[in-house]
Amino acid sequence: MQKIKVLSVFGTRPEAIKMAPLVLELQKCPEIESLVCVTAQHREMLDSVMDCFGLRADFDLNLMRQGQTLTDITARVLEGLGAILTQARPDLVLVHGDTTTAFSSALTAFYAKVPVGHVEAGLRTFDKASPYPEEMNRQLIGRIADLHFAPTGNNVKNLNREGIFDGIYITGNTVIDAMKYTVTGSGFTSPELSALPLEGKRVIAMTCHRRENYGAPMEQIFAAVRQIAGEFPDVQVIYPVHPAPVVRKTANRILGGVANISLIEPLDAIDMHRLMSKSYLVMTDSGGIQEEAPSLGKPVLVLRQETERPEAVAAGTVMLAGVETEHIVGLARRLLTDQSAYHEMAQAVNPYGDGMACRRIVDAILYHFGRRAFPPEAFSV
């Protein structure tokens, strides 16, 4: 019997982290021919993840250009991936999440009449401007996709609200699977990280890079971090700074030169996960870290006005801190001074699954193509 040809397409570091364990699971399945196409929307950070997981791309669009716009990325994916689909003729294209790579790839597959599977489907804020452009990307992918791999039941409800009822599977989030590969051993590969004096310090791992936080929100976030560092000298803030020039310029201006704030280069997946595992708490505007850190028992302050991951807020593993200096400082101060508040968050149950999401996705693909006869109600809707 002919194998099912599955083409996984991704282009950014967060996508790669969450798709890598799925690609490895696809490769183990004898009934599937697994192919990988990277767009390299983020070149260097993508390559570091590929290296971490021992993956290689069958196709590489190498899209990244200095000063590229969302329109540039979309146009180049449509043209480049279109030619690859004609050559490879996959039975299914898998995209992840809400990036411009994911939306453009789904649209390209739709134009080529190739079915689309959406990994991490159903996340919503229902505000198309926030996060931008991610919220609109994932809504559009939802309309295109044939298979929807939803991390949680709440994501299924979001899809249902939009009239999407078929081809939905609750799988958990693949990032939990990824951490089985990354949070092992000890020590760091980053020389900058290895050289930091962390003994006796309460480490705050931090990220901040989202477009909607550019300008005044980012300045207020950084002012809060600077105030926290000044108020708690036993704290060491470690901030792997995103390469975007606007982020770096603002970070250096507000956070540079503070003794217990370390501005370092971006980390690969292994070092970032190990850093979080050694941290006291995490402050981030990232989406994926809201899922990753709770699996390590680390409280998360979300540096955004809203989150598409309300399950984590409801479970108590993350807290929306917003972007105003005073509010961020107040929440951080509480976690740094109130042990009962800290332990309540640290011990909350992570709602994003058991590390078996990739296996469930592979089983769902096999079932969709008639290669499995197990009752789909085991994890489908």
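Tyr 239 stands opposite Leu 263 in β10. The model is predicted, local features require pLDDT of at least 70, side-chain atom pairs count only at pLDDT 80 or more, and totals for chains, interfaces and linings use all residues. Residues are numbered from 1 along each chain as its sequence is written, and side-chain values use heavy atoms, leaving out hydrogens and water.

**Exercise 1.** Determine which strands pair with β9.

*Solution.* Strands (E, at least two residues) and helices (H or I, at least four) are DSSP runs numbered from the N terminus; two strands pair if DSSP finds at least two bridges between them. Step one: β8 (residues 202-207) runs parallel to β9 and is joined to it by four bridges, with Ala 205 opposite Ile 238. Step two: four bridges also join β9 to β10 (residues 261-264), again in parallel.

**Exercise 2.** State whether the residues of β9 are buried or exposed.

*Solution.* Buried means under 20% relative accessible area, exposed over 50%, partly exposed in between (1.4 Å probe, protein chains only). Step one: Val 235, Val 237 and Tyr 239 point one way, Gln 236, Ile 238 and Pro 240 the other, and all are buried. Step two: six of the six residues of β9 (residues 235-240) are buried, so the strand is largely enclosed by the rest of the structure.
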